[in-house]
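I have kept to what can be checked against the coordinates.

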Amino acid sequence: MAYYAIKGGEEAIKNSLNFYNDYTKRSEKIDDEDLIESLTFSIDKVMSEGSLYSKKLASKSIKRSAGDLLNASFFVRAHRSSCQRIGICKELDVNDMRLSRRISSAFKDIEGGQLLGASNDYEIKLLVDLKNEKVDIKEYSNKDNVIDSALTPLRNDNLIKILPKEEEPWDITRVFPTSPYPRSSVLQVMSRGESGTLLGFAYTSMRGYGDVHPTIGDLRIGELDIKFTHPFTKKEVKIGSIEATAVESAGTFNKDENGDTKLTTGFGFCFGKNETKAISMSIIDLSLYNNSYTVGTEQIVASDFEMVMHHVDGIESFGFANHYKLPHYVTFQTDYQIFKSAKKYVEEQNQKDLNGALK
Amino acid sequence: MKREDVNDLAQFVKLDKLQNLYKKIKKNHDVRILTTPTEQTLLVPVKDPISGGSFYSGEVLVTSTIVEVEKTKGWSMVMDSNEKLSLYVAVLDACFEKNIFKDEIKELLKEAKKEIMKETKKQNQKINSTRVSFDLM
């Protein structure tokens with residue numbers, strides 16, 4: 001496959017861009033603050049897939065692309081590559097999260113309890129106006145909720161399968177690794193992957209091509225502090241906080257590297273509030289590191305590292321799919337000419353054969 | 001209150017209040033901008049509970065500035081794209097160290113802290129109102 005550079009068309013391109021701007025410019029009238037507060041899940045999706053936590057840029061990108069979220073993520077990712085990376089913040093631990101939501105479908109009674117948070121899980125999905133019942137919020141506790149994962153007690157009791165620890169995490173934005181892929185690179189790819197693609201991959205493992213039917217051990221949404229070293233005092237300083245979603249899902253029991261049978265788990269983490277993405281990531285994680293192939297064949301998509309590493313990035317797949325719109329005249333005309341020549345050759349051969357038979 | 005609190009708390013002070021104080025400082029003292037407010041990113045490592053290692057989940061956009069107030073250096077790194085905020089916070093950081101308008105800075109930060117705590121408590125009440133324990137049928 002190849003395509004050739006084109007030239008000309010400047011006027012049409014300019015007019016097309018003007019037309020597009022006219023078509024979408026009303027979105028520019030939306031105030032950034034309003035968009036951030038109202039379309040909060042869209043903002044979070046764009047930050048997560050764009051791999052850059054910036055609500056302002058996510059808002060600008062959504063407006064610029066008139067609500068096309070994949071395109072918006074592209075803007076954010078492009079901006080990311082234009083900024084200097086100043087360093088690495090202090091490692092985040094999801095157990096330090098100030099929780100706004102925390103549920104478990106594995107355990108009914110967990111230490112710290114379950115918090116539904118702001119959720120519409122139990123909403124009747126009808127487009128009718130539902131009355132908001134007034135609740136006196138003052139009667140409830142105003143304490144923070146910082147609670148360990150519901151799987152921590154099992155982990156402390158050595159009942160959960162652990163995987164080998166890497167000394168240093170890989171950074172795929174500097175060098176993309178080759179197989180066998182370090183676990184950190186796999187998690188990084190999925191953490192910035194496209195939500196729908198991760199969902200699709202995870203769904204294959206639940207449906208017809210795998211055997212992962214997990215239970216959500218711990219699903220949490222909340223805030224985590226970003227900390228960095230002050231250059232003059234050399235002491236730790238809080239830069240701010242980010243919202244994030246983390247999921248630990250529990251699979252079946254499997255043998256670890258010592259041959260002991262342990263509970264298998266998968267981990268999902270992403271910027272912002274995006275439960276579907278974090279759950280999907282945790283399922284793929286389970287499938288990649290604990291495949292047992294009781295359903296389907298050994299060609300299971302969600303257990304294939306190559307498949308996951310090279311196909312879940314939204315910006316890359318979006319770019320590749322959309323480049324087919326650009327002129328490929330030479331490619332296609334070459335194929336078409338070969339096809340026509342081959343057809344003519346076959347017709348001539350057939351005619352020769354017919355003439356020979358008639359003689 | 002420590003110097004390390006300035007960077008975080010000052011981000012919650014209303015921008016016009018910070019601007020007023022910045023103007024006052026600039027009028028009476030020598031303020032030099034050594035590094036103009038610049039958008040940068042911080043890589044975010046997250047602990048992987050399964051291996052105990054970590055992985056990079058993405059980057060955070062920050063705006064950093066370095067200033068000098070009466071030959072004392074000040075620094076800020078604020079969340080997101082926020083040039084003015086970053087400049088004002090860096091100046092406050094230097095002034096806090098140099099004891100310039102320190103009481104006024106402390107007062108602003110205390111107010112901000114009070115407001116944060118008030119908002120957090122309100123938010124926590126909403127969150128805690130959703131505490132659930134389902135009954136088995």
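What volume does the second largest cavity have?

1. The second largest cavity has a volume of about 40 Å³, where a cavity is a set of points on a 1 Å grid over the protein atoms alone at which a 1.4 Å probe fits but cannot get out, and lining residues have an atom within 4 Å of a point. The volume is the space filled by probe spheres set on the points, which are joined across faces, edges and corners.

2. On the basis of the work, this is a predicted model, in which local features need pLDDT of at least 70, side-chain atom pairs count only at pLDDT 80 or more, and totals for chains, interfaces and linings use all residues. Residues are numbered from 1 along each chain as its sequence is written, chains are lettered from A and ligands numbered from 1 in the order in which they are written, and side-chain values use heavy atoms, with hydrogens and water left out.

3. On confidence, the predictor gives the complex an ipTM of 0.96 and a pTM of 0.93. Chain B averages a pLDDT (the predictor's confidence in each residue, from 0 to 100) of 97, and 100% of its residues score at least 70.

4. To return to the second largest cavity, its lining is made by A:Glu166, A:Arg183, A:Ser184, A:Leu187, B:Asp48, B:Ser51, B:Gly53, B:Ser54 and B:Phe55. Two elements give two or more residues to this lining, namely helix H7 (183–191) of chain A and strand S2 (54–69) of chain B, and H7(A) gives the most, with three residues; helices (H or I, at least four residues) and strands (E, at least two) are DSSP runs, numbered from the N terminus.

5. The largest cavity, with a volume of about 90 Å³, is lined by A:Asp211, A:Val212, A:His213, A:Gly251, A:Thr252, A:Asn254, A:Thr264, A:Leu286 and A:Asn290. Strand S6 (residues 236–255) of chain A contributes the largest share of that lining, three residues.

6. A cis peptide bond, with omega about 0 degrees, joins A:Ser179 and A:Pro180, and A:Pro180 is found in the loop between H6 and H7 of chain A. A:Ala66, although not a glycine, has a positive phi of about 50 degrees, and A:Ala66 lies in the loop between helix H4 (55–64) and helix H5 (69–82) of chain A.

Conventions:
On a 1 Å grid over the protein atoms alone, a cavity is a set of points where a 1.4 Å probe fits but cannot get out, and a pocket is an open set with protein on both sides within 12 Å along at least five of seven lines; lining residues have an atom within 4 Å of a point.
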